[in-house]
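Here are my notes on this model, point by point. Please read them with the structure open.

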Amino acid sequence: PEHPAAVNYRGVALLAALAAESGTVRRFVRVTGMSVGYPPMHIVAVLLNTVLSMTIRWQLRGEMAVRSSGVAYTVVRPGSLSDQPRAGGSVLLLGHGGAHVPAGKVSRDDVAEVITLATFHPAAANATLGIAGAVQPTGGIKSEMSWDPARGMHYRIVEMEAGVAEGTDVR
C-alpha cells in the first residue's frame, strides 16, 4: 500500500474518479514534482525511477488520470522544496503548460500560494504549472549543460521558454 504505484497512481486515480462522480468538485489540484515533466531518459528521472520504485512514472500516470477524469484540474510541479521563506532579492519562476522551468529551490509558502490561486484562477484551469526559485533575477536566460565533440561537456547560455514568467509575486 505504500508503493508509489499505490499512492501516486491508483490512489490519485481513485480520488479523481470520485471527484468526477460527485459532480461537486470545481477544481482538482494535484501537486507532484518538477521531475515529472522531465523526459524519461533525463538523468534525474532515471535516477529517481531507479532508486524510488519508478516514482516519476507513477506520478506521471497519476497526473494523466487526473487529466482524463473530466474534472477541471491544475497540476502543480514545484522544484526542490525549502522550509525557509524566500530570501530578499530572489525571484520566482512560474511556467505554464509544457514550459520547462529551470530547477531551483522554492519556498513551501510560495508553493502554497500558487496552489491557493490555482484553485480559483480561470487561467489555471486544466493547466500544468511549474514553480521554482532563483537566488537573483535571471533576465530571461539560463545556463544548461551541452555536449559538443570539439569542446566536450560545457555550459551554454540559452533563453528561457516563452511560457516561463519571472517575478517576486505569484500573482
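1. Start with the surroundings of Ser146. Setting aside neighbours within four places in sequence, Ser146 is in contact with Gly152, Met153, His154 and Arg156. This is a predicted model, so read each contact as a computed one. Ser146 belongs to strand E7. Is Ser146 buried or exposed? Its relative accessible area is 17%, so Ser146 is buried; the cut-off for that class is under 20%.

2. Met145 also has its place in strand E7. Its class is the opposite end of the scale. Met145 counts as exposed because its relative accessibility is 52%, and exposed means over 50%.

3. Met145 takes part in a nonpolar surface patch. Which residues make the patch? They are Met145, Trp147, Met153 and Tyr155, and the area is about 550 Å². Strand E7 (141–148) supplies at least two of the patch residues, and strand E8 (152–159) likewise supplies at least two.

4. Five strands form an open sheet in the order E1-E2-E6-E4-E9, and the pairing is mixed. Which strands are at the edges? Strand E1 (28–31) and strand E9 (164–167) are, each pairing on one side only. From one strand to the next, the twist averages 20 degrees.

5. The pairings can be checked one at a time. Strand E2 (residues 73–78) runs parallel to strand E6 (residues 127–134), with five bridges between them. Thr74 stands opposite Ala127 in E6. E4 and E6 are antiparallel and share six bridges. There, Leu94 stands opposite Ile131 in E6. E4 is also antiparallel to E9, over four bridges. Leu92 has Gly167 in E9 as its bridge partner.

6. Helix H4 (residues 108–120) lies across E1, E2, strand E4 (91–96) and E6. How does H4 run relative to E6? The angle is about 155 degrees.

7. Look next at Gly79. Gly79 sits in the loop between E2 and strand E3 (81–82). With 12% relative accessibility, Gly79 counts as buried. Which residues does Gly79 touch, beyond those up to four places away in sequence? Met34, Gly104, Val106 and Ile131. Gly104 is 25 residues from Gly79 in sequence, yet the C-alpha atoms are 5.6 Å apart.

8. A second pair separated in sequence involves Arg57. Arg57 is in helix H3 (residues 55–67) and counts as partly exposed, at 39% relative accessibility. Arg57 and Ala5 are 52 residues apart in sequence, with 8.6 Å from C-alpha to C-alpha.

9. How many salt bridges does the structure hold? It holds four. One of them joins the side chains of Arg67 and Glu63, at 3.1 Å from N to O. Arg67 and Glu63 are four residues apart in helix H3, so about one helical turn separates them. Arg67 is partly exposed at 28% relative accessibility. Glu63 is buried, at 0%.

10. Glu63 has another partner. The side chains of Glu63 and Arg77 meet in a salt bridge of 2.5 Å, N to O. Why does this pair tie together separate parts? Because Glu63 lies in helix H3 and Arg77 in strand E2, the pair connects parts 14 residues apart in sequence. Arg77 counts as buried, at 14% relative accessibility.

11. Arg86 and Asp110 form a further salt bridge, their closest N and O atoms being 2.7 Å apart. This pair links distant parts of the chain: Arg86 is in the loop between E3 and E4, Asp110 is in helix H4, and they are 24 residues apart. Arg86 is partly exposed at 29% relative accessibility. Asp110 is buried, with a relative accessible area of 7%.

12. Last, the shared partners. Which residues do they join into one network? Glu63, Arg67 and Arg77.

Definitions and conventions
Residues numbered from 1 in each chain as written. Predicted model: local features only at pLDDT ≥ 70, side-chain atom pairs only at ≥ 80, totals over all residues. Heavy atoms only, no water. Pairing = 2+ DSSP bridges. Axes fitted to C-alpha atoms, helices over the stretch in contact; angles between N-to-C directions. Contact = heavy atoms within 4.5 Å. Patch = residues over 30% accessible without salt bridge, like charges linked within 9 Å, V, L, I, M, F, W, Y side chains within 5 Å. Areas by Shrake-Rupley, 256 points an atom, 1.4 Å probe, with all protein chains shown as cover. Buried < 20%, exposed > 50% of the residue type's maximum accessible area, 1.4 Å probe, protein only.
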